[in-house]
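I would like to walk you through one model, so please look at the sequence and the structure as they come up.

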Amino acid sequence: LQVRGNMRSGNATAGIDMYLAVNGDTGANSCSQKMYFNATNGQGLTTNLDVYINFGETTGTSYNDFPFFPTFVIDLHDYAAADKGKTVQYQWGKSVWSSESLGIGGGYWNDTTAISSLKFYFASGEIQRGSVFSLYGFNE
């Protein structure tokens, strides 16, 4: 299963974390690790078990003169399997005047239930108009 898209937060700040929650899970069953690079250095981030997979950063509304929408590709492996946890692989990039960066990473959802829903959201702010999501590889 693959999701491709771009999304921007309603918060005015750049560098807002993008989150993916699986099946409405509210338990600490997800974890993620990412490496990202910006104009000055490379950085890494590891998150412990949480209710979301942290898959990148977005821009905010302070860049309204030219709407920047960071892009991402997320692969969800074995999404329909009901006998093992789910591995997630992702890449993302954003380009704004003061905050260019790109990243790669992976995550894990520790549940044997087949994936039936995905929720995208931010650490702060709502998803802005103009954001796009495309789903590939879903079979009923």
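Predicted model: local features only at pLDDT ≥ 70, side-chain atom pairs only at ≥ 80, totals over all residues.

**Salt bridges, strands and core**

Let me begin with a charged pair: Lys-84 and Asp-78 form a salt bridge, in which the closest N and O atoms lie 3.0 Å apart.

How many salt bridges does the structure hold? There are 2, and the other one joins Asp-17 to Lys-34, with the closest N and O atoms 3.6 Å apart. This pair links distant parts of the chain, since Asp-17 sits in strand 2 and Lys-34 in strand 3 (residues 30-38), 17 residues apart. Is Lys-34 buried or exposed? Its relative accessibility is 3%, so Lys-34 counts as buried.

An open sheet of 3 strands runs in the order 5-2-9 with antiparallel pairing, and its edges are strand 5 (53-58) and strand 9 (118-122), each of which pairs on one side only. Neighbouring strands in this sheet are turned against each other by 25° on average, direction ignored. Strand 2, which covers residues 16-22, pairs with strand 9 over 5 bridges, and within that pairing Val-22 has Leu-118 as its bridge partner.

Strand 1 (residues 2-6) has 4 of its 5 residues buried, and is therefore largely enclosed by the rest of the structure. Strand 1 pairs in the antiparallel sense with strand 6 over 5 bridges, where Gly-5 stands opposite Phe-72. With strand 10 (residues 132-136), strand 1 also makes an antiparallel pairing over 5 bridges, and there Arg-4 stands opposite Ser-134.

In soluble globular proteins, nonpolar side chains tend to be buried together. Here the largest nonpolar core has 21 residues, and those touching the most other members are Phe-55, Phe-72, Ile-74, Leu-76 and Phe-120. Two or more residues each come from strand 2, strand 5, strand 6 (71-76), strand 7 (86-94) and strand 9, with the largest share, 4 residues, contributed by strand 2. Leaving aside residues up to four places away in sequence, Phe-120 touches several residues, among them Val-3, Tyr-19, Phe-55, Phe-72 and Phe-133.

Definitions and conventions: Residues numbered from 1 in each chain as written. Heavy atoms only, no water. Pairing = 2+ DSSP bridges. Axes fitted to C-alpha atoms, helices over the stretch in contact; angles between N-to-C directions. Core = buried A, V, L, I, M, F, W, Y, C linked by side-chain atoms within 4.5 Å. Buried < 20%, exposed > 50% of the residue type's maximum accessible area, 1.4 Å probe, protein only. Contact = heavy atoms within 4.5 Å. Salt bridge = Lys/Arg side-chain N within 4 Å of Asp/Glu carboxyl O.
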